[in-house]
Amino acid sequence: MEIATLAEQVLAGERRALARAITLIESGRADHRAQATELMEHLQKADRQALRIGLSGTPGVGKSTFIESFGLMLTGQGKKVAVLAVDPSSARSGGSILGDKTRMEQLTRDRNAFIRPSPSQSHLGGVARRTREAVRLCEAAGFDVVLIETVGVGQSETVVAEMSDLFLLLLAPAGGDELQGVKRGIMEMADLILVNKADGDLKPTAMRTCADYAGALRLLRKRPQDPPGFPKALTVSALEEEGLAQAWDEMQVLTQWRRDEGHFDARRADQARYWFAEEVRQALLSRLQTPEARAAMADLSEEVAQGRTTPARAAQDMLDRHLGG
């Protein structure tokens, strides 16, 4: 594969080239990783930026319906929208359904949209290992907005927050106990809480739920990266396409304020540091996956199991042997 040519095609916005590039960066083969690193270095010179929006929510909340309605609204305004949807992989077989394209039928056919489902594989955090690089590829290809859909509420919020400019938490209308079921940590990271399905018989419930969250947000400690009034809770109906324009307006207001105040660029710099450290951690872990390391691990595990050494001593021996102490 000629990497320089592929980079030019991605920069020209060729969708097939973008798909090939994402496949390349997702590969775990050593030769492909070297090519992927070269490709990212080529594309970094373009220095293109998109608005990166992370989206999390419990299963069944209507994330796919929201993304399709929201994406169609943005493409209708002439914007190019990329959707990176991560599907959970089976712990047993390693397979994923990757059904997002079938759930977003209209958006899939939109010429200004690009949808790429990826398996989470064994990576924790609700996103695929190389999702951040996929975001950079979409930016290089000229997309204006990149939506990152995660597996669901859980560990995903921290990882997604480290690769997005805005973090949206999508929730469904529910009873008064709904507030108890959402982690405080997720609420502290959310820039906007969107209560979906605010239509039909559920509309009054959605309004009450939104009020509950708005009250809870006021009790949280104010963050320096927020202007007065943020974070906010809003109601939306992805099905009836209501509230989407207001949500987009709020996202733009928040983004512009952060740009003006210097928070936007500072946050991206912090994220770059985070991913550098993460790459170092992942590279060190990969050195423990060689056949020699696995064999040593098995031997030391047996010694620990039989009580001939302590877990701490065995771990130190393993590190000394394979990571140079």
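Select I193 in strand 6 (192-195) and A233 in strand 7. These two residues are bridge partners. Strand 7 covers residues 232-235, runs parallel to strand 6 and is joined to strand 6 by four bridges. Two strands count as paired if DSSP finds at least two bridges between them. Strands (E, at least two residues) and helices (H or I, at least four) are DSSP runs, numbered from the N terminus.

This is a predicted model, in which local features need pLDDT of at least 70 and side-chain atom pairs count only at pLDDT 80 or more, while totals for chains, interfaces and linings use all residues. Residues are numbered from 1 along each chain as its sequence is written, and side-chain values use heavy atoms, with hydrogens and water left out.

Buried means under 20% relative accessible area, exposed over 50%, and partly exposed in between (1.4 Å probe, protein chains only).

Next, select strand 5, residues 166-171. Strand 5 runs parallel to strand 6, with four bridges between them. Pick L171: its bridge partner in strand 6 is V195.

**Strand 1**

Move to strand 1, residues 51-57. Strand 1 pairs with strand 5 in the parallel sense, over five bridges. I53 stands opposite L166 in strand 5. Now select strand 4, residues 145-149. Five bridges join strand 4 to strand 1, and the two run parallel. The partner of L55 there is E149.

Color strand 1 by side-chain direction. L51, I53, L55 and G57 point one way. R52, G54 and S56 point the other way. Seven of the seven residues are buried, so strand 1 is largely enclosed by the rest of the structure.

Select D165, in the loop between helix 8 (156-161) and strand 5. D165 is buried, at 9% relative accessible area. Show its contacts (heavy atoms within 4.5 Å). Not counting residues up to four places away in sequence, D165 touches A50, L51, R52, D191, R258, F264 and R268.

**The cores**

A nonpolar core is a set of buried Ala, Val, Leu, Ile, Met, Phe, Trp, Tyr and Cys residues joined through side-chain atoms within 4.5 Å. The largest one has 34 residues. Select I53, F66, F70, V83, L194, W248 and M251, which touch the most other members. Elements giving two or more residues to this core include helix 4 (63-76), strand 2 (81-87), strand 3 (113-119) and helix 11 (244-261).

Zoom in on F70. Leaving out residues up to four places away in sequence, F70 touches I53, L147, L244, W248 and M251. A second, separate core has 30 residues, including L18, I22, M40 and L84.

**The surface**

Go to helix 12, residues 263-286, and pick L284. L284 is partly exposed, with a relative accessible area of 37%. With F276 and V280, L284 forms a nonpolar surface patch of about 290 Å² accessible area together. Such patches join nonpolar side chains (Val, Leu, Ile, Met, Phe, Trp, Tyr) within 5 Å, from residues with over 30% relative accessible area and no salt bridge. A salt bridge is a side-chain nitrogen of Lys or Arg within 4 Å of a carboxyl oxygen of Asp or Glu.

**Zoom out**

Show the whole chain: 14 helices and seven strands. Of its 325 residues, 47% are buried.

Conventions. Patch = residues over 30% accessible without salt bridge, like charges linked within 9 Å, V, L, I, M, F, W, Y side chains within 5 Å. Areas by Shrake-Rupley, 256 points an atom, 1.4 Å probe, with all protein chains shown as cover.
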